[in-house]
Amino acid sequence: MAENQRILVCAGTGCASSGALPIIDVLNNEIKRQGLEKTVSVVGTGCQGFCEKGPTLVIEPQQILYTRVTEEDVAEIIEQEFIKGERVERLLLVDQATQKPVSSMGDIRFFAKQHRIVLHNCGVIDPKKIEEYTARDGYKGIVKALKGMSPEEVMEEVKKSGLRGRGGAGFPTGLKWGFCRQTPSDKKYIICNADEGDPGAFMDRSVLEGDPHSVIEGMLIGAYAIGADEGYVYCRAEYPLAIKHLGIAIKQAEEAGYLGDNILGSGFNFHLKIFEGAGAFVCGEETALMASIEGKRGMPRVRPPFPAVSGLWGKPTNINNVETWSNIPHILRNGAEWYGQFGTEKSKGTKIFALTGKVNNTGLVEVPMGTTLREIIFDIGDGIQGGKKFKAVQIGGPSGGCLPEDMLDLAVDYDTLTQAGAMVGSGGLVIMDETTCMVDIARYFLNFSKKESCGKCTPCREGTTRMYEILDRITKGEGKEEDLDTLENLAITIKETSLCGLGQFAPSPILATLKYFRHEYEAHIHDHKCPAHNCTALLSYSIDVEKCKMCSLCAKNCPTNCISGDKKTNTPYVIDEEKCIKCGTCIEKCKFGAVTRA
Amino acid sequence: MEWLTLTIDGREVSVPKGTTVLDACRMNNIPIPTLCHAPELTSAGACRLCVVQIEGMRNLPPSCVTQATQGMKVETQNPKVRNARKVILELLVANHPLDCMTCQKMGDCSLAEYAYDYGVTGEVYQGEKRNLPIDSGNPFILRDQNKCILCGKCIKACSEIQGKSILDFSHRGFDTQVGPAFNLPYNESDCDFCGSCVSVCPVGALVEKQMVGKGRPWEVSKVQTTCPFCGVGCNFDLNVKDGKVIGVTSNPDAPVNGKALCVKGRFGMDMIYSDNRVTTPLIRKDGVLVPAEWDEALDLIATKLGEIKKTYGPNSIAALSSAHCTNEENYLMQKFMRAVIGTNNIDHCART
C-alpha cells in the first residue's frame with residue numbers, strides 16, 4: 001500500500017451543494033475507524049470541474065475519480081481503495097462511447113483533452129493553505145519580478161506572451177497595462193473584476209474558490225508593472241465561498257509578506273481589498289464597476305476618458321478579470337515563449353469554458369485557444385445526452401450567439417468567433433439539441449438582458465423590452481409578418497447605438513439565431529409551428545385511433561378532463577383542443593405511444 | 001487657440017480644439033436632435049438621439065460626447081443615422097402617453113418636435129407601458145413620471161445647478177424611474193422647489209403647476225425681466241398672455257443666473273394679482289390705516305424722525321433693510337442712517 005495517499009474531495013460550490021461537505025467529515029471518521037490516518041489524508045479542494053457528476057473525489061497519487069459519491073459510499077470506498085486495493089466500480093464514470101467504466105483521470109475524455117494552466121491548482125490543493133500554493137511554485141512569479149526585473153520588463157513579458165483579456169472583449173492585456181502605466185499620477189489602482197454574471201458561467205468563481213492566491217499573485221505582478229499600490233477585487237456577494245477563500249488568502253499573503261508595505265524588502269507596496277457587489281450584471285462593465293466601488297449607482301458612463309486615464313476616484317486604473325489575472329503568474333514563472341506555445345497566432349494560451357446544456361459531460365474545462373467546438377462538445381463533453389441530435393451551441397452568454405452544426409469545426413478563438421457572429425465572451429458554452437427551440441432561446445437571453453439593463457440609455461432600456469415582447473409573441477404563435485423586419489432593424493439599431501457593452505451585445509442572440517435559424521422563426525410565424533416541439537402554445541396533441549387501446553389512462557390523468565372516450569361503447573378517445581392546456585401528461589402516461597405531439 | 005478642420009455632411013468646417021461634434025454641428029447650423037444634452041449640464045450621452053456616423057469609428061457614436069478631431073468625417077443625416085434616430089424615437093414614444101392635446105408641454109415638447117420631424121407614429125412597438133402615479137402634492141411642480149423619458153437632465157440640474165442632489169434614478173431597465181430618495185413625493189423630500197428640474201425637462205414630465213391650463217406656448221409672449229425679490233438680479237421670462245402674467249420660465253441667456261432661479265423667483269408671481277397687495281402708502285389715523293399720497297407719507301416720516309432725533313438722540317433710531325431691495329438701495333439706506341440720522345443702528349434681514 002502506497003504511503004501518503006490523499007483523497008481530494010471537491011468542496012467547490014457545485015459539489016458542496018450536492019452534499020460534498022458532510023462527506024469530508026465521514027471520510028475522516030472512516031479513515032480513523034479503519035486505522036488509516038497515518039497513510040491517508042483528506043483534502044477539501046476547489047472545483048475539480050466535473051460539477052454535473054458531483055460530489056466528486058480523486059484518490060491520489062493513482063488519480064482515480066469517483067463520481068456522485070454519497071455519505072453511504074464512503075466506508076466502501078475506503079475499504080476497497082486502501083485495504084483491498086480495488087475499485088468501487090459502480091461509482092466510476094461510464095464512457096458514453098464504449099459504455100465502460102473508466103477509473104483513471106488520464107483516460108477520462110473530459111480531462112484527457114484539457115490543458116490546465118489557470119486551473120492548474122483547482123481541485124488539487126487546499127485553497128485555504130498558502131503553503132499548498134507555494135509548494136506548487138506559487139509566488140515564484142512575483143519573486144522573480146521583484147528580484148530581477150524592472151516594471152518595464154514585466155510589462156514587456158506580458159505583452160510578448162500575447163495574453164488577451166479573458167473577460168470577453170479580448171483586448172491585449174500588456175497593451176492595456178501600458179496605457180495605465182503611461183498616465184502620470186501620484187496614485188493608481190488595479191481592480192480584479194470578479195463580477196461574473198453570465199448565466200451558466202462560473203470559471204471565475206471556481207478560480208477564486210479553488211486557487212485564490214493565483215489571483216493575488218497576478219495582481220501583485222500587475223501592480224508592480226503598472227505602478228499601482230492599491231487594488232480591489234470586485235466580487236459579487238452571491239459568491240460567499242469565493243469571498244471567504246479570497247479573504248483567507250489575502251490575510252495569509254499579508255502575514256507571509258507578499259501583501260503590504262515593502263514587499264519582500266523590495267520597497268514595493270501593494271494593498272488589496274475585497275469589495276462585494278450587489279449582483280447587478282452591468283457592474284461587470286468597468287465604468288459601472290468603478291461607480292459601484294465609489295458608492296454610486298452601478299451605471300456605465302461614456303468613455304473616454306478611459307479608466308487608464310481617469311478611473312476609480314478619478315485616478316488611473318487598470319481592470320482585468322479573474323481568469324486574466326490568474327494567467328499572469330504562469331507567464332512570469334515560465335516565460336512568454338512558453339505561454340505562446342499554447343493557442344493560435346492571435347489568441348494565445350488557454351481558455352476556460354463552462355460547458356453546460358444537453359451534453360453528457362458538463363462542467364469546467366480549460367482548453368488551448370483554437371480547439372474546435374467539435375472537440376469540446378464531442379470529445380471533452382462526450383456528445384449529446386440521450387443520443388439526441390446536436391442543434392446549436394450558444395457561446396458567450398447573453399452577449400454571444402448561437403452557432404449551428406456546420407460551424408462545429410470552427411476554432412475557438414477571439415477573432416474566429418466574432419467573425420461568425422458569436423464571441424468568446426466570458427466562456428459560457430450551452431449545448432442545445434434538437435428539442436431546443438432557437439426562438440425560445442433568444443427569448444430566454446433577452447429576458448435576462450432586459451432585466452439586467454441599467455436603464456441609462458434609451459436603446460437598451462426600451463429596446464431590450466420590445467425585442468423580448470416580439471420574441472414572446474412569436475413563441476406564442478402571435479407573430480406577425482412584419483415582426484422579423486422590425487426585430488432585425490431594432491436589433492441592429494440597439495447594437496449600434498447603445499452606450500455600453502451590455503446594450504451593444506444584447507441583440508446578439510437574436511442576430512445570430514436570425515442568421516442561422518431563420519427558418520425556425522418563419523415556421524413559428526407563418527405555419528404556427530415550433531419545429532422543436534418546444535413552444536407550448538404552438539403544440540397540438542392528438543390520439544392515434546390505430547394505436548389507442550382505450551385503456552383510459554390518459555383521460556384519468558388529464559388535469560383538465562379534456563380527453564373523452566369509452567371502451568364499452570367503442571367511442572374512440574379524443575382530445576378537446578379547446579380545453580387542452582398542453583401539459584403533456586397524456587403522452588407521458590400512454591403506454592402504447594398513441595398520443596402524438598405536433 | 002488651436003483650430004481643427006473636419007468635414008460634416010461633406011462640408012468643411014473649422015472649430016476650436018476641445019469642441020464636441022454636436023457643438024461643431026450647431027456652430028455651423030447643422031441640426032442634431034438631442035434630449036439629454038443641455039449646454040449648462042455635464043453630458044451623460046444617455047438618450048443616444050444625437051448619434052452620427054463617423055468614418056473609422058465603430059457603431060454610431062453620440063455626437064454630444066464625441067470630441068471633434070482634425071480631419072474627422074462626420075455624417076449627420078444619412079439614412080442609417082436617421083433610421084437609428086427614428087428607432088430610438090419610436091421606442092420613447094411607445095412608452096409615452098399620447099395625450100398631447102391636453103398636455104401642458106404641447107408646442108414646447110422636444111419629443112413631439114423630433115417625432116414629427118422623423119415621422120414617428122408610436123405604433124411600431126406595442127407593448128408594456130408604465131403606469132405610475134402622478135405627483136401633485138405640492139403647489140409648484142406637477143410631476144407625471146409616465147411622460148418621463150429618463151434623459152436624466154433633472155437629476156443633473158438638481159445636483160449641478162442647485163447643488164441639492166434630491167433626484168436620482170431608481171429601479172432598473174424598463175422599470176427605471178427618476179425621483180427623490182425612496183420615491184417620495186417632492187413635498188416630502190428635501191426639495192427646495194427651485195424648479196431647475198422643470199426648466200430642463202424636455203417633455204411634460206415636470207411642468208409649472210400654476211401655468212397648467214393657463215395658456216399654450218404660442219399664445220404666450222415672453223418678457224425678459226429682473227426678479228424683484230432680492231438684490232441678486234436674476235433674469236427670467238415673464239410668460240404673458242392677454243396682458244396678464246401667467247407664470248415664470250427660465251431664460252437660458254440670463255447673464256447672472258442662467259436657468260437657475262429660487263422658489264420665490266420662479267413660483268412667487270401670484271402676488272402680482274393678490275388682493276392683499278398694498279398699492280399706496282397707508283397712514284394710521286384714529287386707529288385706522290388710511291390710504292395717503294406719497295408726499296404726505298414722506299413728510300410725516302421726515303417730521304417724526306426729526307422729532308425723535310431731537311428729543312431722544314440719533315441712537316434712539318434704528319433701521320432694518322431688506323433683501324427685497326437692490327444692493328444700491330441697501331447702500332443708500334445705510335448712508336441715510338449714518339449721514340442723515342447719525343447712527344450706526346442699521347442692519348439687514350439677510351444678516352440676522
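Modeller: Leaving aside residues up to four places away in sequence, A112(A) touches G106(A) and D107(A); two residues are in contact if their C-beta atoms, placed from the backbone, lie within 7 Å. The model is predicted: local features need pLDDT of at least 70 and side-chain atom pairs count only at pLDDT 80 or more, while totals for chains, interfaces and linings use all residues. Residues are numbered from 1 along each chain as its sequence is written, and chains are lettered from A and ligands numbered from 1 in the order in which they are written.

A112(A) belongs to helix α4 (residues 109-112) of chain A. Helices (H or I, at least four residues) and strands (E, at least two) are DSSP runs, numbered from the N terminus. Because A112(A) has 13 C-beta neighbours inside 10 Å, it counts as partly exposed. A residue is buried if 20 or more other C-beta atoms lie within 10 Å of its own, exposed if 12 or fewer, and partly exposed in between, with C-beta atoms placed from the backbone. D566(A) stands 454 residues away from A112(A) along the chain, and their C-alpha atoms are separated by 59 Å.

Helix α9 (residues 203-210) of chain A is mostly covered, with eight of its eight residues buried. Among them are M203(A), R205(A), L208(A) and G210(A).

Chain A also contains an open sheet of four strands, in the order β9-β8-β7-β10 with parallel pairing; two strands pair if DSSP finds at least two bridges between them. At its edges are β9 (271-277) and β10 (317-321) of chain A, each pairing on one side only. On average, neighbouring strands of this sheet are turned by 20° against each other, direction ignored. Helix α11 (residues 240-255) of chain A packs on the sheet and touches β7, β8 and β9 of chain A, its direction making about 165° with that of β9(A). Axes are lines fitted to C-alpha atoms, for helices over the stretch in contact, and angles run from 0 to 180 degrees between N-to-C directions. Within the sheet, β7 (residues 189-194) and β8 (residues 230-236) of chain A run parallel and are joined by six bridges. There, I191(A) has Y232(A) in β8(A) as its bridge partner.

A further open sheet of chain A has five strands in the order β12-β11-β15-β13-β14, with mixed pairing. β12 (363-368) and β14 (401-404) of chain A stand at the edges with a single partner strand each, so one side of each lacks a neighbour in the sheet. Neighbouring strands here are turned by 30° against each other on average, direction ignored. β13 (residues 390-395) of chain A pairs with β14(A) in the antiparallel sense over four bridges, and V393(A) stands opposite L403(A) in β14(A).

The peptide bond from G54(A) to P55(A) is cis, with omega near -5°, and P55(A) lies in the loop between β2 (40-45) and β3 (57-60) of chain A. The bond from R303(A) to P304(A) is likewise cis, with omega near 0°; P304(A) lies in the loop between α12 (286-293) and β10 of chain A.

Chain B meets this chain through 26 of its residues, in contact with 25 residues of chain A. On the side of chain B that touches chain A, α2 and β7 (168-170) of chain B are the elements that give two or more residues. The largest share, six residues, comes from α2(B).

Helix α19 (residues 483-497) of chain A packs against helix α2 (residues 79-94) of chain B at an angle of about 100°, with their axes 10 Å apart. The two helices α19(A) and α2(B) are therefore roughly perpendicular, the term for angles of 65 to 115 degrees, whereas angles under 35 count as roughly parallel, over 145 as roughly antiparallel and the rest as oblique. The residues of α19(A) that meet α2(B) include N489(A), L490(A) and T493(A), and their counterparts in α2(B) are A84(B), V87(B) and I88(B).
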